[in-house]
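User: I've got this model open and want to talk through its sheets and its chain-chain contact. Can you walk me through it?
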Amino acid sequence: MKSCRTFVRSFRDAFRSVIRNFSLSLASITCIAITLIIIAAALLMSDNVKNFTDEIEKDVTVVAFLDSDVTNEKRDNFEMFLKKNSNVELFDYKSKADVKEDMQKENETFSSILAEWDDANNPLKDTYTIKVHDVKKIGNTAKDIEKQDGVNSVQYGEGLVEKLVGVFDAIEKITFCAAIALIIVTVFLIINTIKLTIFSRKREIGIMRLVGASNSRIKLPFVIEGIILGMIGSIIPILIVVLGYTTMYDYFGGILFSPVIKLITPMPFVVNTSIIILLIGMIVGMLGSSRAVRRYIKV
Amino acid sequence: MKNVYKTYPNGVGAIFNLNLSIDRGDFVFIIGGSGSGKSTLIKMLYREEKPSRGEIILGGVNVGKLRNSKVYKLRRLIGVVFQDYKLLPKLTVYENVAFALEVTGVDSKEIRKRVIDVLTKVGLKHKAKEYPDKLSGGEQQRVAIARAVVNRPKILICDEPTGNLDSKISMEIMDILEKINKDFGTTVLMVTHDIDIVKQMKKRVLLLKEGRLEKDYKKGSFVDEKL
């Protein structure tokens with residue numbers, strides 16, 4: 001009952017303090033809002049880059065062509081091998097008849113020429129389209145596949161894929177590091193602003209101690225106040241994320257510069273990002289104020 | 001208080017071998033010139049400073065051995081009044097007084113009753129909703145006294161409470177302090193350099209000089225002393 005009362009009173013004190021120290025609160029809220037906007041932009045960018053590279057990597061497959069005279073037994077063995085291989089995500093088998101059919105569908109000229117081939121003289125090969133888990137290891141996986149009995153040749157866009165993966169990897173790492181660095185810098189900025197506003201209330205904390213407030217009773221309202229400031233400060237960044245990103249997505253029609261670069265669809269992406277922004281605001285506000293108060297509470 | 005010494009970290013000694021005993025319900029003045037150690041003495045009583053040696057027992061609590069995180073328990077047994085009032089500027093008179101009770105976890109109904117009681121006692125019930133900066137010095141000091149005694153402390157420590165007030169207002173404050181001493185049986189320790197007040201009140205007087213207890217005047221025996 002007593003601790004419940006303390007909690008309720010701390011909440012009331014926190015709200016009262018936000019309102020009565022309005023100019024200081026406004027300073028903290030503005031700082032939090034501006035920095036959270038930067039973090040939001042970094043998050044939106046880094047997530048989109050990651051999504052874009054992931055999408056492209058998903059399209060990379062290995063195609064294995066089997067020997068023309070491959071036996072069913074060899075094919076079964078090959079499938080067993082694919083199932084056991086840890087880097088193979090899934091594979092799709094097409095007999096040469098299916099391949100022929102596909103090609104016929106693509107083009108009418110093809111269709112008439114290919115129609116002349118029956119199963120016996122079809123020069124095409126049975127194929128496996130193989131999707132891998134880790135595109136970085138695609139080269140080795142392709143080599144392993146090629147070594148298998150009954151495999152005639154393997155194609156996966158050698159050279160180009162490796163280069164692409166390397167570039168994407170670097171871009172992903174750079175944007176991620178930039179986002180993290182921004183978050184760290186801004187977190188310090190917010191913590192320091194809140195610290196400054198609390199330092200100006202050093203006397204207040206001293207008086208609280210004097211009338212017999214325990215350390216936790218002094219700290220709690222400040223911590224709650226920090227969380228409130230963080231929450232209020234994240235309102236504008238969240239609006240920018242939700243409205244800004246959705247508008248941008250609609251304006252560009254979901255693609256950026258070229259159809260290859262697809263933007264992440266706004267829902268539920270903006271909601272998730274907003275939640276992250278809100279959490280960062282609250283946690284940072286809390287950390288800032290509790291660290292600042294701790295300096296004035298003699299432990 | 002037994003064999004108490006206090007030396008500050010910079011090596012300056014403030015209190016030397018102080019032995020003192022104050023009975024429950026007493027009203028005691030502590031006087032002395034600048035640097036006589038009276039402020040240090042009082043700071044040790046409410047545990048803003050720790051004695052370097054010796055033992056201080058206050059209302060059954062060994063002050064010197066109290067950990068920082070437990071100081072609040074001592075502060076709830078005592079009330080402290082300062083020359084500069086130390087009121088929370090963003091809280092109203094009522095809220096300032098109520099705060100001392102809130103931190104101890106008293107329920108709201110009881111707080112309301114006790115705060116109004118004590119504000120009536122110091123004659124400031126009608127200013128309950130004002131903020132401290134709207135009050136005169138004497139009124140602010142009365143709020144500070146109300147806050148200090150609303151907990152019904154066993155001991156009230158006053159550090160030059162009349163230092164910023166003129167003699168008429170000072171005597172009003174002294175009347176309130178005496179009333180608290182008599183009505184609640186609260187022990188009052190008051191540091192002052194206002195010899196006129198000390199002479200008029202006719203209480204026990206401790207004279208400190210260079211960190212030592214120079215004289216201990218029994219109740220009513222203090223005549224005059226040049227500080």
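Analyst: Some ground rules to begin with: two strands pair if DSSP finds at least two bridges between them. Strands (E, at least two residues) and helices (H or I, at least four) are DSSP runs, numbered from the N terminus. This is a predicted model, where local features need pLDDT of at least 70 and side-chain atom pairs count only at pLDDT 80 or more, while totals for chains, interfaces and linings use all residues. Residues are numbered from 1 along each chain as its sequence is written, chains are lettered from A and ligands numbered from 1 in the order written, and side-chain values use heavy atoms, with hydrogens and water left out.

User: Which residue in the turn between β10(B) and β11(B) has a positive phi?
Analyst: β10 (residues 204-209) of chain B is joined to β11(B) by 5 bridges, and the two run antiparallel. V205(B), for one, stands opposite Y217(B). The two strands make a hairpin with 2 residues between them, and the turn residue with a positive phi, about 50 degrees, is E210(B).

User: Which strands stand at the edges of that chain B sheet?
Analyst: The sheet is open, with 6 strands and mixed pairing, in the order β7-β8-β9-β3-β10-β11. An edge strand has a single partner, so one side of it is left without a neighbour in the sheet; here those strands are β7 (78-82) and β11 (212-217) of chain B.

User: Does β3(B) run parallel or antiparallel to β9(B)?
Analyst: F27(B) stands opposite V188(B) in β9(B). In total, 4 bridges join β3 (residues 27-31) to β9 (residues 187-191) of chain B, and the direction is parallel.

User: Over in chain A, what is the order of the strands in the open sheet?
Analyst: β1 (residues 61-66) and β3 (residues 127-132) of chain A run antiparallel and are joined by 5 bridges. At the edges, pairing on one side only, are β2 (88-94) and β4 (151-155) of chain A. Put together, the 4 strands pair antiparallel in the order β2-β3-β1-β4.

User: At about what angle to β4(A) does helix α6 run?
Analyst: Axes are lines fitted to C-alpha atoms, for helices over the stretch in contact (heavy atoms within 4.5 Å). Angles are taken between N-to-C directions and run from 0 to 180 degrees. Helix α6 (residues 138-147) of chain A lies across β1, β2, β3 and β4, and its angle to β4(A) is about 165 degrees.

User: How about the interface: what area is buried between chain B and chain A?
Analyst: There, 30 residues of chain B are in contact with 22 residues of chain A. Buried area is the accessible area (1.4 Å probe) that two parts lose on being put together, summed over both. Carbon and sulfur atoms give 51% of it, and the total is about 2400 Å².

User: How many salt bridges are there between chain B and chain A?
Analyst: A salt bridge puts a side-chain nitrogen of Lys or Arg within 4 Å of a carboxyl oxygen of Asp or Glu. E102(B) and R12(A) meet that way, at 2.7 Å, N to O. Over all chains the count is 24, and between chain B and chain A it is 5.

User: Which helix holds both D13(A) and R16(A)?
Analyst: Their side chains meet in a salt bridge at 3.1 Å, N to O. They sit 3 residues apart, about one turn, in helix α1 (residues 2-20) of chain A.
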